[in-house]
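Me: I am new to this structure. Please take me through how to read it, one feature at a time.

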Amino acid sequence: HSFLSASSAVTHHAQVAWKKFTRKCSSSCHTFPYIRMAQAVSLALSRSHLIVPGIFGLGGGRLALAQRKVVETNYYPSPNSLYSRAQDGHAFVSSILLSVIEGVILLVRAIYLTILFSPSIIMAPFADSCGLKFRKIWLEVVHRTLETAGPAFIKWGQWAATRPDLFPKDLCTKLSELHSRAPEHSFAFTKKTIERAFGRKLSEIFDSFEEEPVASGSIAQVHRASLRFRYPGKRVKPMLVAVKVRHPGVGESIRRDFMIINLVAKLSKFIPTLNWLRLDESVQQFAVFMMSQVDLAREAANLNRFIYNFRSWKDVSFPKPVYPLVHPAVLVETYEQGESVARYVDEFEGYDMVKAKLAHIGTHALLKMLLVDNFIHADMHPGNILVRVSHSKASRKRLFKSKPHIIFLDVGMTAELSKSDRINLLEFFKAVARRDGQTAAECTLRLSQRQNCPNPKAFIEEVDEAFTFWGTPEGDLVHPAECMEQLLEKVRRHKVNIDGNVCTVLVTMLVLEGWQRKLDPGYDVMETLQTLLLKADWAKSLSYTIDGLMAP
């Protein structure tokens with residue numbers, strides 16, 4: 001081809017072809033000097049007239065062919081060569097067999113999931129038209145189906161609960177109740193995984209190790225232990241640590257289920273009623289979310305980043321990874337003592353001053369993540385937040401001197417916003433603060449790079465009408481968080497697309513606002529955010545403002 005054309009692209013392909021051909025020849029037989037000669041001459045003259053490189057190419061080709069015949073008659077493969085070829089053949093057959101087995105496993109899994117999800121799918125078209133009782137039954141069926149389907153689908157349900165822009169509010173509420181509990185794996189597997197990860201015996205690393213796990217989720221389980229050695233031969237002070245160990249086969253299970261989910265998402269592109277959901281893009285976002293959950297080394301990196309961001313805060317902390325005892329399948333971190341904030345939200349009576357302080361600390365921590373650091377803990381439900389309360393020695397002053405301290409756990413799920421998304425989101429919050437419905441709707445439409453809203457004008461008009469009502473004395477009674485929930489419902493009905501990370505941030509704020517309102521009913525998270533946005537212009541001034549609010 002290089003003889004027949006002076007095109008640079010064709011010449012490049014000719015060069016690649018020559019290189020591959022000579023490499024193949026040199027690996028299978030003796031070196032052909034004439035082939036190299038023909039290669040050099042033909043490439044050098046590829047831009048000359050046709051006749052000159054044609055003669056050289058033809059002559060070099062004939063000599064190379066003759067040389068090859070001589071070599072083939074004299075060349076006999078050695079025993080080592082025969083053995084290596086036999087090994088290659090064995091590896092090829094083994095790979096084919098493994099591919100067939102993998103295909104059969106995927107097929108069986110797909111059939112099982114089809115049978116498992118059939119009741120939910122069949123009931124779905126009638127969930128809206130058959131009354132409230134039937135809908136509650138359907139929601140319960142969906143909930144139990146996802147719990148039965150395995151860790152990938154439990155995590156998908158938890159992720160879907162953060163997308164009220166795609167799914168109805170009652171479904172999101174039901175999916176948020178999904179528990180990540182899973183059967184505990186054996187201590188023998190835990191021991192084997194730790195020793196394989198760190199290359200040492202369990203007794204060489206830990207002074208004591210509790211065989212019964214403290215907690216078990218869909219991805220990993222946590223053991224409490226006392227650290228003996230961090231490095232070989234270097235003893236450390238007794239340190240209580242939490243050892244998180246990934247369940248056996250969870251990576252392969254999630255990978256197979258994700259392949260099936262990805263196939264279903266691609267097929268949904270051919271269904272017009274589901275095309276606006278962009279399930280293929282959502283599945284890619286979900287894949288990133290799942291990888292951050294499965295890879296425990298990534299969680300350790302997130303912990304280090306949060307620790308650095310909050311290095312000057314005395315009221316907020318995170319578990320510290322114990323390096324070098326960090327591995328994708330095992331994570332050793334400091335064991336944090338404390339009560340779940342859920343107990344303060346639902347159980348403890350009194351403690352009004354402590355609860356008010358907790359509400360303020362949690363709100364300012366989230367605002368710092370969002371407005372200053374652009375690195376948000378996206379799984380901030382009460383189960384992932386511990387509270388430590390230090391009391392003064394004087395018992396009569398204990399009530400007034402209590403200082404709550406918040407520890408954020410399980411930082412595998414995080415969110416970061418692009419510069420454009422961050423600007424649009426902050427402009428959206430400013431518009432909400434000013435009760436400017438039209439600007440808020442326009443900012444919402446810009447929260448996705450691929451907006452597929454069929455009627456943006458109708459969406460803007462409806463949002464503007466709602467904001468007008470919220471500005472009246474009657475609408476002023478509606479809580480700002482409820483206004484946000486109603487706005488997300490309008491987003492879903494008008495099929496407005498919002499990028500996953502942006503929606504995750506919005507839902508995280510709503511979750512935080514929910515338990516903050518229970519801690520201190522008089523404290524308004526949204527109002528605090530709006531005040532900061534109206535007073536401060538950008539990250540530096542926001543940082544100073546938030547630090548000033550947190551100062552004693």
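Reply: Start with strand pairing: two strands pair if DSSP finds at least two bridges between them. Helices (H or I, at least four residues) and strands (E, at least two) are DSSP runs, numbered from the N terminus. Here, Val 316 stands opposite Ile 406 in S11. S5 and strand S11 (residues 403-408) pair in the parallel sense over two bridges.

Me: Which four strands form the open sheet, and in what order?
Reply: The order is S5-S11-S10-S8, with mixed pairing. Strand S5 (316-317) and strand S8 (339-340) are the edges, each pairing on one side only. Helix H15 (residues 352-373) packs on this sheet and touches S5, S10 and S11; contact means heavy atoms within 4.5 Å.

Me: How far can the coordinates be trusted?
Reply: This is a predicted model: local features need pLDDT of at least 70, side-chain atom pairs count only at pLDDT 80 or more, and totals for chains, interfaces and linings use all residues. Residues are numbered from 1 along each chain as its sequence is written, and side-chain values use heavy atoms, leaving out hydrogens and water. pLDDT is the predictor's confidence in each residue, from 0 to 100. Where it is low, the predicted coordinates should not be read in detail. The protein chain averages 76, and 70% of the residues score at least 70.

Me: Which residues have the most contacts inside the largest nonpolar core?
Reply: They are Phe 318, Leu 370, Phe 408, Leu 425, Phe 428 and Phe 429, in a core of 70 residues. Such a core is a set of buried Ala, Val, Leu, Ile, Met, Phe, Trp, Tyr and Cys residues joined through side-chain atoms within 4.5 Å; buried means under 20% relative accessible area (1.4 Å probe, protein chains only).

Conventions: Axes fitted to C-alpha atoms, helices over the stretch in contact; angles between N-to-C directions. Buried < 20%, exposed > 50% of the residue type's maximum accessible area, 1.4 Å probe, protein only.
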